[in-house]
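My notebook is open at the page on side-chain contacts. Here is what I looked up, entry by entry.

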Amino acid sequence: MTDDTGPSWVERGADWASQGEIFDRILAPAADAIIERAAVRGRVLDVGCGTGALLEATVAAGASATGIDISPGMIEVAARRVPQAATVVADAQTADLTDVAGPGFDRFVSRFGVMFFDDPVAAFANLRRFAAPAAGMTFVCWRSGRRNAMFTLGTRTLESALAAPPTRPAPGAPGPLAFDDADRLRGILSDAGWSGVGIEPFEFTSVYATPAVDGGRTDGVDERLAVILATSTGAEVEQQVRARSGAAGWTDLLGRIRDDIRGSMVDGVVAHPNYCWMVTARAR
């Protein structure tokens with residue numbers, strides 16, 4: 001996974017949605033932890049709902065759920081997957097949610113969906129506008145990219161084929177790692193009007209193996225490859241390599257990426273720990 005940010009979520013949402021089953025499986029422990037920690041009830045807004053995994057879990061827990069995402073492709077999948085929920089294609093940092101908020105949301109939840117705001121203080125302040133009295137917010141976000149194999153496994157070999165090294169966002173810039181700095185994140189939420197901010201380390205393991213038709217399971221190598229190729233960097237690398245070296249060059253690169261991924265297998269399958277923050281707050 002590379003640092004897809006900004007408009008890429010609109011432009012490449014369908015690519016991410018096509019791998020939704022894999023993402024749901026490798027990130028399932030995070031969704032489960034959010035549901036448990038948030039004690040979801042009443043009206044719930046899932047911010048950056050993607051293809052609807054957390055939205056589905058919210059409905060299953062008995063809440064009335066609304067999902068918002070900037071990607072039409074992802075919302076299309078989420079709407080089919082969770083027809084009991086309301087879904088909105090909009091930018092949560094500026095959207096007027098009056099029509100769907102009713103008397104206000106009792107809970108705000110997000111699984112890796114709130115790190116992409118251009119102005120995070122304004123975004124979280126906008127969300128708070130639609131909070132019911134005593135509303136709570138619970139979300140999971142990434143910590144250090146250097147420590148997390150989610151951002152490195154296979155991607156270094158992928159990026160080595162680029163004509164020029166990819167540009168890395170500055171610390172705190174919109175993107176998956178925008179909230180690595182817990183003190184900065186605490187200040188953002190406080191400035192946006194949220195209180196009782198709690199930021200705790202949260203760790204879980206992603207396992208890429210898929211059940212196979214013969215009753216066994218795959219080793220997860222191709223699943224990990226699909227994840228990193230679904231990024232904007234994956235698309236750029238494929239375009240460059242095919243233009244430079246043709247189909248044979250692209251096939252060779254895919255083989256080298258697979259070898260890289262296999263080098264980090266655990267007990268015969270691709271798996272890695274994830275280091276995140278579990279964030280909670282209350283509307284004032």
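I began with arginine 262, which is partly exposed at 40% relative accessibility; on this scale buried means under 20% relative accessible area, exposed over 50%, and partly exposed in between (1.4 Å probe, protein chains only). Its side chain meets that of aspartate 259 in a salt bridge, 3.3 Å from N to O. I count a salt bridge when a side-chain nitrogen of Lys or Arg is within 4 Å of a carboxyl oxygen of Asp or Glu. Both residues lie in helix α12, three residues apart, about one turn of the helix. Helices (H or I, at least four residues) and strands (E, at least two) are DSSP runs, numbered from the N terminus.

A note to myself on the ground rules: this is a predicted model, where local features need pLDDT of at least 70, side-chain atom pairs count only at pLDDT 80 or more, and totals for chains, interfaces and linings use all residues. Residues are numbered from 1 along each chain as its sequence is written, and side-chain values use heavy atoms, with hydrogens and water left out.

Next I stayed in helix α12 (residues 232–262), where glutamate 238 and arginine 242 are four residues apart. They form a salt bridge too, at 2.9 Å, N to O. Glutamate 238 is partly exposed at 29%, and arginine 242 is partly exposed at 39%.

How many salt bridges does the structure hold? I found 11. Asp24, Glu56, Arg81 and Arg111 are linked in a network of them.

Then I turned to the rings, and the structure holds eight aromatic pairs. Rings of Phe, Tyr and Trp (its six-membered ring) pair if their centres lie within 6.5 Å; planes under 30 degrees apart count as stacked, over 60 as edge-to-face and the rest as tilted. Phenylalanine 108 and tryptophan 194 have ring centres 5.6 Å apart and planes at 85°, so I logged them as edge-to-face. Phenylalanine 108 sits in strand β4 (residues 105–111) and tryptophan 194 in strand β6 (residues 194–207), so this pair ties together parts 86 residues apart in sequence. Both residues are buried.

For phenylalanine 124 and phenylalanine 139, the centres are 5.9 Å apart and the planes at 20°, so that pair is stacked. Phe124 and Phe139 also belong to one aromatic cluster with Phe117 and Phe179.

My last entry is on arginine 147, whose charged end sits over the ring of tyrosine 275, 3.9 Å from its centre. The test is NZ of Lys or CZ of Arg within 6 Å of the ring centre and within 35 degrees of the ring normal.
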